[in-house]
Amino acid sequence: MNARVHRCGEHAVLVELDRLEEVVALYDALAADPPPGVVDVVPAARTVLVRFEPPACRAAVESAVLAVRPAGGRGATSGEVVIPVVYDGDDLADVAGLTGLTEREVVAAHTGTPWTVAFCGFAPGFGYLIGGDPRLAVPRRPEARVRVPAGAVGLAGEFSGVYPRESPGGWQLIGRTETVVWDIAADPPALLRPGVRVRFTEAR
Amino acid sequence: MSEATVSAGGSEPRRALLVLAPGPLTTVQDLGRRRHGHLGVGRSGAADRGALRLANRLLANPEDAACLEVTLGGLQVRATGDLLVTLTGAPCPATVTDAGGRTRGIGHASVERLPDGATLRLGVPSRGLRTYLAVRGGIDVPKVLGSRATDLLSGLGPERPAPGSVLPVGPAPAGFPVADLAPVPVPESGVLLLGVIAGPRHDWFRPGALAALCAEPYEVTARSDRVGMRLHGPRLERARDGELPSEGMVPGALQVPPSGQPTLFLADHPVTGGYPVIAVLRDDDVDRAAQARPGQRIRFRVTGGRRSQK
């Protein structure tokens, strides 16, 4: 693992890696056994932000991070969820056009391969899912929608995702689910946490 | 009212603050949410954390008790039950009118009584932007994900207080206040000098960019809020094109969009961002920046960033 550590203010370091898989592995290891003083570990596409508090010092956190030897593959502890989807999204035809698949083949591809949450961002509980069928890689919509409803299931780049609540959004929408992915009364509040495996099924 | 209280079992009515007017923007804040960044949940909390901590210390509250963060004054609240309060951060003219109609002025960073039925009114601060009103016992609204902070970006946390809002006050802590007032520096009104640490993405900019950042002051524009302050000043030129994959952000980050004009992130900043961060403010200076008013000027200087950079 080729990790570069960048200083990020007084109380954080940004660890940069070459591949998303390495990000996932480092996040897993840090989340399972956080170094002393670390209060937040935020994975993203190519980086892991590690925030700490005194009395922890940067040198100690940095060496602890660099000493991490991620285990190969995801641990079995993150869990798996099944999300039933009605595939009637406004962009389903466009996605079929962009991928060269039929609409039915898009559905088959989305449900055929399990996904894994790599990281969260954009909004509380918005998980970026990776590991799906590579034929589904599509660009974001040229213009974002002002209003995407909660439960909308979308694609963008190598990712799939479920909108946790109504918000603006630029992903290609292929369907919708009744599954609640964000509930502040639940513990944890997010269904799609880094490491969770996701299988989409077609709801009729 | 006392008869009703007696018939209800002899207990006092719950101590509370009744909001009469919130001013331009008042929110409930504490020190924010930790350990939820990986779920896309930001820290939020007081924009000037030092001022909130001081207010709580003056009242012998836990340092992270919830207070009201009042932007540009204008707040009016009435006490239910006898309360002990203090004001920190941006000093503003403040008066207490008791239930009998007598009005007196109260000081800044001093411990003041707000008797049952008394009204506290804040004027507009002459310096600084954010005033903290703490009450002994803390504002006791329900916690959301471990904090009572209102995150205006994600919408998490308690609703913004409005006229008629009742904010319950928690039980008084065991300790008692040991000081009547704290001698504190007031927010500066001239050019603010703020220390930054280079990185994490200063290598995305042309070699002279850090020098340009520090050469001339930046003006705080009106497009500034708890999420961040849009600054106007020397343009910071990128050395490379292309997209930066979104990465984790921290308060005090100076994020530079394609316009070359930096945004200084404050408490409600997005958890991740897709533009490179040229430098990050020192922690104490994030608090000072949060007191800068639109139109005020900021000058940066690079400190202590090189020593152990990799």
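These are my notebook entries on a two-chain model, taken chain by chain and then at the contact.

**Entry 1: what I am looking at**

I noted at the start that this is a predicted model. I therefore treat each value below as a property of the prediction.

**Entry 2: chain A overall**

I looked up the elements of chain A and found four helices and 13 strands. Next came the radius of gyration, which is 18 Å for chain A. The globule rule gives 17 Å for 204 residues, so chain A is as compact as a globular protein of that length. I also took the box along the principal axes: the C-alpha atoms of chain A fill roughly 55 × 35 × 35 Å. Of the 204 residues in chain A, 45% are buried. I then turned to contacts in chain A between residues at least 6 apart in sequence. Of these, 58% join residues at least 24 apart.

**Entry 3: a four-stranded sheet in chain A**

In what order do the four strands of the open sheet in chain A lie? I read the order as 1-2-4-3, with antiparallel pairing. Strand 1 (4–7) and strand 3 (38–43) of chain A are the edge strands, each pairing on one side only. From one strand to the next, the twist averages 20°.

I followed one pair in detail. Strand 1 and strand 2 (residues 12–16) of chain A run antiparallel and are joined by four bridges. A:Arg4 has A:Glu16 in strand 2 of chain A as its bridge partner.

Then I checked what packs on this sheet. Helix 1 (residues 20–32) of chain A does, and it touches strand 2, strand 3 and strand 4 (47–52) of chain A. The direction of helix 1 makes about 25° with that of strand 4 of chain A. Helix 2 (residues 58–67) of chain A lies across strand 1, strand 2, strand 3 and strand 4 of chain A. Helix 2 runs at about 25° to strand 2 of chain A.

**Entry 4: chain B overall**

Chain B has four helices and 20 strands. I found a radius of gyration of 21 Å for chain B, close to the 19 Å of the globule rule for 310 residues, so chain B is as compact as a globular protein of that length. Along its principal axes, the C-alpha trace of chain B spans about 75 × 40 × 35 Å. Buried residues are 50% of the 310 in chain B. For contacts in chain B with a separation of 6 or more, residues 24 or more positions apart account for 78%.

**Entry 5: a six-stranded sheet in chain B**

I traced an open sheet of six strands in chain B, ordered 7-6-9-4-1-11 and paired antiparallel. Which strands form its edges? They are strand 7 (103–105) and strand 11 (166–168) of chain B. Neighbouring strands of this sheet are turned by 25° against each other on average, direction ignored. Strand 1 (residues 16–22) and strand 4 (residues 75–80) of chain B run antiparallel, joined by six bridges. B:Ala16 stands opposite B:Thr80 in strand 4 of chain B.

**Entry 6: the core**

The largest nonpolar core has 139 residues. A:Val50, B:Cys67, B:Ile278, B:Val280 and B:Ala289 touch the most other members. Helix 1 of chain A gives the largest share of this core, seven residues. I picked out A:Val50 and set aside residues up to four places away in sequence. Its partners include A:Ala12, A:Leu30, A:Val41 and A:Val65.

**Entry 7: the contact between the chains**

How many residues does each chain bring to the contact? I found 30 from chain B and 35 from chain A. Strand 15 (247–248) and strand 19 (277–281) of chain B each supply at least two residues of the side of chain B that touches chain A. That side of chain B divides into 12 nonpolar, 12 polar and six charged residues.

Methods:
Residues numbered from 1 in each chain as written. Chains lettered and ligands numbered in written order. Predicted model: local features only at pLDDT ≥ 70, side-chain atom pairs only at ≥ 80, totals over all residues. Contact = placed C-beta atoms within 7 Å. Nonpolar A, V, L, I, M, F, W, Y, C, P; charged D, E, K, R; others polar. Pairing = 2+ DSSP bridges. Axes fitted to C-alpha atoms, helices over the stretch in contact; angles between N-to-C directions. Rg over C-alpha atoms; globule rule 2.2 N^0.38 Å. Buried ≥ 20, exposed ≤ 12 C-beta atoms within 10 Å, placed from the backbone. Core = buried A, V, L, I, M, F, W, Y, C linked by C-beta atoms within 7 Å.
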